[in-house]
Amino acid sequence: MDDGRPIFLQIAESLESQILDGTLLEEEQIPSINALAAFHRINPATALKGVTMLVDAGTLYKRRGIGMFVAEGSRERLRESRRAEFRDAHIRPLAHRAQELGLTSAQLHDMITKEMNR
Amino acid sequence: MTAIVEAQGLTKRFGKVTAVNDVTFTLDEGAIHGLLGRNGAGKTTLMHVMTGQDFATEGHVRIFGESPVENAAVLGRTCFIKESQVYPDDFRGKHVLRAARWFYPHWNDALAQRLVDTFQAPLDRKMKKMSRGQRSAVGVIVALASRAELTFLDEPYAGLDAVARKHFYDLLLEDYLEHPRTFVLSTHLIDEAAPLLQRVLVIDKGELVIDADADSLRATATTLVGKASDVERFAAGREVLDRTAIGAIASVTLTGLSEQDKREAASAGLETTPVSLQELIVRRTGGAVTEEVSA
């Protein structure tokens, strides 16, 4: 696991992705910090930082003495925020490039529709 | 966090050469630290001074709150493995392990045996007849099986191949998770070791140039590529670590870009790439890549 960005962010994102695709269900317990560290071969302090970030965001919650669990409603909230990120990270640059290439919004729409139906 | 090592204004001079220059830092109890820098930057000297094997010219160092010099109580809790370790002429691998077993109160035989099997260490061979990799393996076995509260590893894997190094990282992490303790690891193979590190200290020409949380350091630099005028607009007023250009296209490596800045750069059609820890350190410590840094 290393694409150059902070590893704790990558840990948080991988847990989010597992919640989004249903690998981790709401109210299900997530792996322990040590298990995450061993699996991803990272320092446990880094794994803890990633998990803490999700606790602070309300995606996970802690049951004292037991572990971390996926909060109810997390999946829908994550989907909303991922969609906003998708717009900022992909749609905006896409629109920018399309304008550079002289594409109208109808033409772009057409191209996207074709791709999605492939 | 509690400081297990405190260095205050530490300076070490050899004649006219200043190997370590006025260095002040603390090491956190229970963390894995990376001590990084180019060859000759002062890493080994610093480790020698921290472990009481050499005297500081100025300043002082405390380990477990005490001076390490000639201090058996402190040194019994400390393990220092270095590439340049000299062994008595007749010493075989098994003698090294037997001596270590005596010396370290938390020595674990089962772990030592497992490490011997993993690294296929030829314990009946004389230390001076061993290959570089075999000697490194013996050092790594002592470092981990000693389970010392404070373990220094100076270039622990010289001569170890990629497979053996991977075993080393896995076993270090596994044993650390079960028995948390403090490690200080010096290495050239920064990107390989980076995920294991919690703190990073970078030494350049005897001076401490970076002392930071490893993971936050990773986010500090970004490379932007695109139209020179757009790139320069983002570079204005920021620290530029690296700059190249070809025709109207420019590439700059900047520090201090926020997530918002990165999104704006992407929207403006610039390509943004995070900079790896190794690249960041290479750029911070003189730029010119030598075979030692780029390994």
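Me: What makes R97(A) partly exposed?

Reply: In this predicted model, R97(A) has a relative accessible area of 47%. R97(A) lies in helix α4 of chain A, residues 74-100.

Me: Why is the contact between the side chains of R97(A) and E100(A) called polar?

Reply: The contact joining these two side chains is 3.0 Å. The cut-off for a pair of N or O atoms is 3.5 Å, so the contact qualifies by distance.

Me: Why is the pair D170(B) and R41(A) called a salt bridge?

Reply: The closest N and O atoms of D170(B) and R41(A) are 2.6 Å apart. A salt bridge requires a side-chain nitrogen of Lys or Arg within 4 Å of a carboxyl oxygen of Asp or Glu, so this pair meets the criterion. The pair crosses between chains, from helix α6 of chain B to the loop between α2 and α3 of chain A.

Me: How do you know that D170(B) counts as partly exposed?

Reply: The relative accessibility of D170(B) is 22%.

Me: What makes the salt bridge of E83(B) and R132(B) a tie between separate parts of chain B?

Reply: The two side chains meet at 2.7 Å, N to O. E83(B) lies in the loop between β5 and α3, whereas R132(B) lies in helix α5, so the pair ties together parts that are 49 residues apart in sequence.

Notes:
Residues are numbered from 1 along each chain as its sequence is written. Chains are lettered from A and ligands numbered from 1 in the order in which they are written. This is a predicted model: local features need pLDDT of at least 70, side-chain atom pairs count only at pLDDT 80 or more; totals for chains, interfaces and linings use all residues. Side-chain values use heavy atoms; hydrogens and water are left out. Helices (H or I, at least four residues) and strands (E, at least two) are DSSP runs, numbered from the N terminus. Buried means under 20% relative accessible area, exposed over 50%, partly exposed in between (1.4 Å probe, protein chains only). A polar contact is a pair of N or O atoms within 3.5 Å; within protein, one must be able to donate a hydrogen and the other to accept it, and residues adjacent in sequence count only if both atoms are side-chain atoms.
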